[in-house]
Structures are given as structure tokens and as C-alpha cells.
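I opened a new notebook page for this model. The entries below follow the order in which I looked things up.

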Amino acid sequence: MNPEQEKIYNELISKYNFNEKQKEQISLGLEANLDISIYAKPEFNIGQMRQIRLGLMQNLDVSIYTKPEFEWDQMVEIRLGLEQKLDVLWYINPEFTWEQMLQIRGGLEKGLDVSICAKPEFDELQIIQILEGLENNVDVTPYLNPGIDWKEMKRIRLKLESNK
């Protein structure tokens with residue numbers, strides 16, 4: 001770090017009680033000439049700081065996920081979607097688990113209409129069944145119900161696929 005970066009680092013470290021891993025993320029950001037003020041906050045844990053730093057390194061709009069209510073693994077899915085220039089607005093909701101986000105992101109990557117399953121009430125296994133139906137050009141409305149267990153969804157989907 002240059003003297004100016006070292007000064008910023010020392011001021012932050014004296015102001016907040018960061019752990020060693022958080023300090024490392026701050027140091028890495030300073031060395032990369034990133035705006036560490038975005039993530040050098042005690043409300044972010046090491047994983048969150050890392051995901052924000054990685055996004056900054058790729059010039060992504062990290063403001064979308066720089067919120068303490070997103071767990072680090074949710075931030076991963078949002079960051080990966082931003083990297084791929086996907087419409088992450090479909091899953092940028094802290095009510096989604098990272099697994100749900102992963103499945104929705106996968107649907108977006110395949111160009112599928114995720115609007116019908118990008119809802120927190122569908123778990124990731126149900127989302128998989130809905131997306132597989134869409135991918136196979138099946139009318140998913142017969143099983144588009146969060147009250148239907150994923151195994152039943154799969155049974156219905158396979159039956160619909162065999163009747164095509």
C-alpha cells in the first residue's frame with residue numbers, strides 16, 4: 001500500500017473493530033484502488049465484503065447487492081448474474097435463498113421466462129421442475145402451485161412431457 005492508502009487503512013481500523021479477514025478485504029481493495037468505503041463497514045462480514053470487492057473489481061453496479069440483508073452466498077448469485085448481464089431484478093430479493101437465486105439465474109441464462117417461478121414461495125426444487133417444464137415446452141400451469149411438492153411436480157411434468 002502506498003502512504004495514502006495506509007493512512008486510510010489505519011483510520012478505518014482504528015474506527016471499527018474489524019477482524020483479521022475483514023482487514024484483509026479492506027487491504028486488498030485499497031491495493032486494487034477500489035472505493036472501499038462501499039464495503040469497509042462493520043455490518044458486512046468477510047464473505048459479503050469479498051463479494052462486494054469482487055464486483056467492484058469488475059466494475060459492476062454493486063449498489064444492487066451492497067445491503068447487509070443479503071447473505072454472502074446470495075451476493076455471489078447476484079454478482080454472477082450481473083457479470084453475465086442478466087436481469088437480476090427477478091431474484092434480487094433477500095427472501096430468496098441462494099439456491100433459489102441459483103435456479104432463477106440458470107433459467108435466465110437459458111432464456112426462459114422466469115416470471116412464473118421467481119417467487120419466494122417456490123423452493124429451489126420446485127423452481128427446477130418449473131424451469132425444466134418450460135425448457136421442454138410443457139404447459140407448466142397444472143403444477144404451478146407452491147403447495148405441490150417438487151416430487152409431485154416432477155411426476156406431473158414427466159407425464160405432460162410423455163403426452164406431447
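I started with Ile36, which counts as buried at 4% relative accessibility. Buried means under 20% relative accessible area, exposed over 50%, and partly exposed in between, with a 1.4 Å probe and protein chains only. The model is predicted, so I kept the limits in view: local features need pLDDT of at least 70, side-chain atom pairs count only at pLDDT 80 or more, and totals for chains, interfaces and linings use all residues. Residues are numbered from 1 along each chain as its sequence is written, and side-chain values use heavy atoms, with hydrogens and water left out.

**Ile36, continued.** I placed Ile36 in the loop between α2 (20–31) and α3. Helices here are DSSP runs (H or I, at least four residues; strands are E, at least two), numbered from the N terminus. I then listed its contacts, meaning heavy atoms within 4.5 Å. Setting aside neighbours within four places in sequence, Ile36 touches Ile8, Leu12, Ile26, Gly29 and Leu30.

**Helix pairs.** Two packed helices are described by the angle between their axes and the distance between the axes. I used axes that are lines fitted to C-alpha atoms, for helices over the stretch in contact, with angles from 0 to 180 degrees between N-to-C directions.

How do α3 and α4 cross? The axes of α3 (residues 46–57) and α4 come within 8 Å and cross at roughly 15°. That makes α3 roughly parallel to α4. The cut-offs are under 35 degrees for roughly parallel, over 145 for roughly antiparallel, 65 to 115 for roughly perpendicular, and oblique for the rest. From α3, I noted Gly47, Gln48, Gln51, Ile52, Leu54 and Gly55; they meet Trp72, Met75, Val76 and Arg79 of α4. By class, this contact holds five nonpolar, four polar and one charged. Ala, Val, Leu, Ile, Met, Phe, Trp, Tyr, Cys and Pro count as nonpolar, Asp, Glu, Lys and Arg as charged, and the others, Gly among them, as polar.

Next I turned to α6 (residues 124–135) and α7, which pack at about 10° with axes 9 Å apart. These two are therefore roughly parallel as well. On the α6 side I found Leu125, Gln126, Gln129, Ile130, Glu132 and Gly133, and on the α7 side Trp150, Met153, Lys154, Arg157 and Glu161. Here the classes are four nonpolar, three polar and four charged.

**Salt bridges.** My rule was a side-chain nitrogen of Lys or Arg within 4 Å of a carboxyl oxygen of Asp or Glu. It gives nine salt bridges.

- Arg79 and Glu83 pair at 2.4 Å, N to O. Both sit in α4 (residues 72–83), four residues apart, about one turn of the helix. Arg79 is buried at 10%, whereas Glu83 is partly exposed at 31%.
- Arg105 and Glu109 pair at 2.6 Å, N to O. Arg105 is buried at 10%; Glu109 is partly exposed at 39%.
- Arg155 and Glu152 pair at 2.6 Å, N to O. They are three residues apart in α7 (residues 150–162), so about one helical turn separates them. Arg155 is partly exposed at 46%, and Glu152 is partly exposed at 31%.

Last entry: shared partners join Glu77, Arg105 and Glu109 into one salt-bridge network.
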